[in-house]
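Keep the viewer open as you read.

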Amino acid sequence: MSSVLTDLFPHPIVQAPMAGGVSVPQLAAAVSDAGGLGFLAAGYKTADGMYQEIKQLRGLTSRPFGVNLFLPQPETPGASTGSAGAADASPSNAAVDVYAHQLAGEAAWYETELGEPESCGDDGYDAKLAVLLEDPVPVVSFHFGVPAREVIDSLHRVGTLALVTATTAEEARAVERAGADVVIAQGVEAGGHQGTHRDVPETDGSGIGLLSLVAQVRESVGIPVVAAGGIMRGGQIAAVCAAGASAAQLGTAFVPAHESGAHALHKQALTNPLFARTELTRAFTGRPARALVNRFLREHGPYAPAAYPEVHHLTAPLRKAAAKAGDAQGLALWAGQGHRMARELPAGQLVEVLVAELAAARTALSAGGAR
């Protein structure tokens, strides 16, 4: 790995920050203690909620860890968010209203009300940054765009490394221009939200596969690359490292871990034959995100508007009610394409297994090259 990363964690394994309650302090601590890099997800939390989780995590481990932030999203067409590449045209209120009408049956079924489709998309960004600058953490990563150069400079001044997600070589170049230390190359195989810098409806369902993306990004930037997307085995980590990545970021692999905060239904669904495949969908949040195909996704995915975070707020009570009812068909079952390879292990043990698999794969590669 690049020294900027090896100084922090010995194994090239990063636990992806999964918002919505999956990436809890216990999970991040277990990964960091095992020699990987654990992450907290600040998305959808208040600044104080994030701070309390950081405080809890520090009580669980003395090892380095990271915190992930969502970039502010535009409120009006063409609005500037103060971050490079994050501004896009917002959907009309009419599209969200139509979708709300289509979801009325879901609300009746789960005996709940739809949420208020709030258009404010800053996710408490400035307040969270203020906390992270006042009480620095080793690593901060960003999703849904590129932070302003002054934001990254301010993090550097307090000793924090900045990582930013990119889904194309062009986005990776923007990440490097902004002064980030590391780019996270996210392939289309990844579970959860695609970290695209611009939400373009015309590209729904398309994207670049991870190995191709890592190679393209590696030739486009001079900063270290972390590969993310569908990685479940140590052999895959060896493959992305051979392609030019310095480390691999795994999310779905850690969802079934004992320390994970994922709902039991979510953990079980990863290997349940009932959920045979994944699909990119806007059904739950209004932004493309990969999830296991269930009834909600099938019925509403084709009609969901490009409206984030409005749709997220609209459907939040439905997802909460589905969880309470024990109905996996109404949950957002975020998962990467490798979900059927999930292993129910303690997070630290999973890191150990991945490291052993990685070593075996590298030995096999070396032996093959020596023939």
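The largest pocket holds about 940 Å³ of space. A pocket here is an open set of points on a 1 Å grid over the protein atoms alone, where a 1.4 Å probe fits, with protein on both sides within 12 Å along at least five of seven lines; lining residues have an atom within 4 Å of a point. Volume is the space filled by probe spheres set on the points, which are joined across faces, edges and corners.

Before going on, note that this is a predicted model: local features need pLDDT of at least 70, side-chain atom pairs count only at pLDDT 80 or more, and totals for chains, interfaces and linings use all residues. Residues are numbered from 1 along each chain as its sequence is written, and side-chain values use heavy atoms, leaving out hydrogens and water.

Back to the pocket: 45 residues line it, and Met 18, Ala 19, Gly 20, Val 22 and Trp 334 sit nearest its centre. H13 is the top contributor to the lining, with five residues; helices (H or I, at least four residues) and strands (E, at least two) are DSSP runs, numbered from the N terminus. The lining splits into 23 nonpolar, 20 polar and two charged residues. In that count, Ala, Val, Leu, Ile, Met, Phe, Trp, Tyr, Cys and Pro are nonpolar, Asp, Glu, Lys and Arg are charged, and the others, Gly among them, are polar.

Now look at H13 itself, residues 310–325, where you'll find His 312. His 312 counts as buried because its relative accessible area is 10%, and buried means under 20% (exposed is over 50%, partly exposed in between; 1.4 Å probe, protein chains only). Leaving aside neighbours within four places in sequence, His 312 is in contact with Tyr 44, Phe 284, Thr 285 and Arg 319, contact meaning heavy atoms within 4.5 Å.

Tyr 308 is in the loop between helix H12 (295–300) and H13. Tyr 308 is buried too, with a relative accessible area of 10%. Not counting residues up to four places away in sequence, its partners include Tyr 44, Phe 70, His 193 and Thr 285.

How confident is the predictor? The pLDDT, its confidence in each residue from 0 to 100, averages 93, and 92% of the residues score at least 70. Over residues 76–90, though, the pLDDT is below 50. Where pLDDT is low, the predicted coordinates should not be read in detail.

Notes: pLDDT is the predictor's confidence in each residue, from 0 to 100.
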